[in-house]
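Hi everyone, thanks for making time today. Please have a look at the structure on the screen, and then we'll walk through a few of its parts together.

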Amino acid sequence: MSSSSAPKRPRLRLELPPSASCSAFDTFRSGGGGLAISRQRSEQAPPSAATPARRLWLCPDDDLGRQAADRASEERSQLWTDRYGPASTEELCLHKKKLLELEACLSSRPRLVFVHGPCGAGKSVAVRLLCDRLRLGSAYLDEELDACANGPAEAMQALIRLARFRQARVIVWDEPTLSLSFADQQQQQHLKFGSSSGDTAALRALLDEFLARCRDVCLVLISCNDRLLPRDWLEDNNATLVQVNPVARTQLIRSLNAILTKRHLRPASYKSLIESVAAAADGDIRAAVSGLQFSLQFALCTAGSSAGSVAKSVLFRDTPYQLFHAVGKLLHAKRVETAPGSSGLAPLVDEPEVVSERCSLPVDLLLSFVQANAAVHFSSEAVEPLARMSDDFSLADRLSAAWTTESDAKPQAISLASRSLVCRLVGSNRAPNRFLPIRKPHKLPPAATWATAAAARTGVDAFYTPACLRSGLAASARSAAAARSGSGGAQFVICPEPDLELEATIEDDDD
Amino acid sequence: MSLWVDKYRPKRLDKLDYHTDQADRLRALVESGDFPHLLVYGPPGAGKKTRIHALLRELYGAGVERLRLEQQSFTAPSKRKVEIETVSSNFHLEVSPGDAGIYDRVVVMELIKQVASVNQLDASQQREFKVVVLNEVDRLTKDAQHALRRTMEKYMATCRLILCANSTSKVIQAIRSRCLAVRVSAPTEDEIVQVLQGTCRKEGLSLPDSLARRIAQASERNLRRALLMAEACRAQQQPFDPDQSVCLGDWQLYLKETAKKVLEEQSPARLLIVRTRLYELLSHCVPPDLIMRCLVTELISSCDGTLKAEVLTLGAEYEHRMRLGQKAIFHLEAFVARFMAVYKKFMDEVIMADW
């Protein structure tokens, strides 16, 4: 296994004399090691010392040896992702059609292109290689900017510099982010609305300004966050969206094989390793190549163990589940496929406890989501199992409630509820397969407003007030609100909800 | 226009319409100069808050009724800001700490500290303590209740607490033992009729006795509801008519319809419809235990005698769990689902027997 890489590494290769009084070596030999030389050993051994040593070969020129060593160490320190990255568009992992799409898009040079897709799908490399091949006159903003801290002002400067002075016709901005100073954040506070946070608002403002100032430049934004910029903003700016998908498993394996070939290794002998690396990488080419580098070095160190098991033990990526996935996994409860003859239920693919652990969401939240979506999956006849399941959910809520029991019982709660769901949603109880969207649990007014100060003071009774009294109340509430600002007296008006307005008046009368 | 409920609320202990001997005792308590922390509990619409305000007035005079509404904010240890509304006079402070959700502990501790760490300036003229009224103590988390316990002991010299709750079952033992418990039971129907008649007299209306009685029956011994219903009847028809219909609250009609829907069809799809209706009620601040109770009564009244015991058992079971649990909808829905299962099985058997 060490055959191919060993000659590059040590400066000299010695075969130590059989009589050398080195205990470490003795143990090596007695273990039946044959030719086994640790690197450390070979450096310690002076090149010309050991008198009876039989030289196999020595480097004739010491400088040459050093150069080789430097090259070797450089190679060792270099990441394979950099070393074996694609050099031309033919080597890209991107799907052919996607590549054509991207090429067509770039060569037409629209004002704004937004390339998004998961990390390690090859977005940045593809854009770079395409820009070079098409000779678009592209410039890369991230080379102009600091690695981390860019305020909007620096980013704007850099953009203008590229557009005006370097005459760049395409500017590529990889992972556009702005780091806002505290003052900027304060300033952005008022721009902030909805879910978009302050810095995306700042980014939008910056891009708006740039697009207005430089009209003949094509700006390419690359991001793995497809919600970096709101859709309506992108539409307003006539942006071309290109979505890059994760790399397909077969494509991953092909690329990894290519790397092995470049390293003069036979891909066939590492088949299982490559497969498990590709599986663990889950469509991320960068992770796959790093994984291969890591596991190959590991496999070469521990020559005895099988490559496959190494890959499994080292490379398994612990991907957290999104809420959506976790709920789906619990609801659909896939089972392992077994032979048709076997009796009983097949084991589950994903154990509910593992799912809840891996999504690492609060138990309450997960329970609410599952409960909100479970009932739809029962067939119209399955009232009894549905009732049993609801019963268990009720019990689970009782367990997970913080009031009486401490939070210790929370794992049990999710276990109880999801197991109950899983074992009742079987066979004919399950509604025929069709598309069922996952819905959010109904949002109640936050627990706090449940009986807001207002409703509480008038006695939880917002809904009690008969409809015929409400219109009159609403009118008087408005007038009282007007009066309150002037009088400063003992009047206060409470509007728990826009349509249910209540008034409570406490007057100063001493009768 | 203000509602009759607010307009004719008795302001003094001697003006109260019912539970007069309890009022006398409370007055005696105030006159003795000092009193322990109070825990006032009883069903909604029984007059807890009225009694608390009357007691405060007895303590401090009319100055207590000059109220101001304030927005206070506190910072939780996690640097999160908690805002809460308080109603206060110069002598007391009223707050519903449950509004702060899981941050109620901070509110309870900070607020009481704030009030209690200041002594009354003019101790000779006034009482030497202030009063903090905490509403809905049963909605406080256990944490906050324990915090409350420590605060209660620490600031006894300058501050008295009046706790107000619907039931003591969610108030921890430690607090219960530190307070003088005052139970305000719901008024009887006769008492409600009297109050209604009295109120209408003050409004210059004559309320027929039979209508008053019907309103009292429909109100389920909730005085506030009875007064609201009476006012709604007035809005419907200016001189009262003895045969006029008592309009129930919208939520009651809505619940009746919901129960009907449960009885019509038993299937998962129907459960989903019922769920949205339950959510509708919950989001309009109808307390879940009330929903449960009304739903059980409605369903019981229209199912076979042999099922009644079982349905009641189910109702009791889920109501209990709802008290201990957090998410009311889980338990409401479980009850509906179980009822559906039981009812469906029964109906299937009946159909089989008929064949």
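Let's begin with helix H3 of chain B, residues 48-60, which lies across strand E1 (38-41), E4, strand E5 (130-134) and strand E6 (159-165) of chain B. Against E6(B), this helix runs at about 165°. A quick word on terms: helices (H or I, at least four residues) and strands (E, at least two) are DSSP runs, numbered from the N terminus. Contact between two residues requires their C-beta atoms, placed from the backbone, to lie within 7 Å. Angles run from 0 to 180 degrees between N-to-C directions, and the axes are lines fitted to C-alpha atoms, for helices over the stretch in contact.

Before going on, please keep in mind that this is a predicted model, where local features need pLDDT of at least 70, side-chain atom pairs count only at pLDDT 80 or more, and totals for chains, interfaces and linings use all residues. Residues are numbered from 1 along each chain as its sequence is written, while chains are lettered from A and ligands numbered from 1 in the order in which they are written.

Now, the sheet in chain B. In which order do its seven strands come? The order is E2-E3-E4-E5-E6-E1-E7, in an open sheet with mixed pairing. Strand E2 (68-75) and strand E7 (180-183) of chain B are the edge strands, each pairing on one side only. From one strand to the next, the twist averages 25°. Pairing here needs at least two DSSP bridges between two strands. Strand E3 (residues 81-88) and strand E4 (residues 92-95) of chain B run antiparallel and are joined by three bridges. B:Thr86, for instance, has B:Val95 in E4(B) as its bridge partner.

Over to chain A, where five strands form an open sheet with parallel pairing, in the order E2-E3-E4-E1-E5. E2 and strand E5 (240-243) of chain A each have a single partner strand, so one side of each is left without a neighbour in the sheet. E2(A) pairs with strand E3 (residues 170-174) of chain A over three bridges, in the parallel sense.

Last stop: A:Arg135, in the loop between helix H6 (123-134) and strand E2 (138-140) of chain A. Although A:Arg135 is not a glycine, its phi is positive, about 50°. Is A:Arg135 buried or exposed? A:Arg135 is exposed, because 7 other C-beta atoms lie within 10 Å; the cut-offs are 20 or more for buried, 12 or fewer for exposed, and partly exposed in between, with C-beta atoms placed from the backbone.
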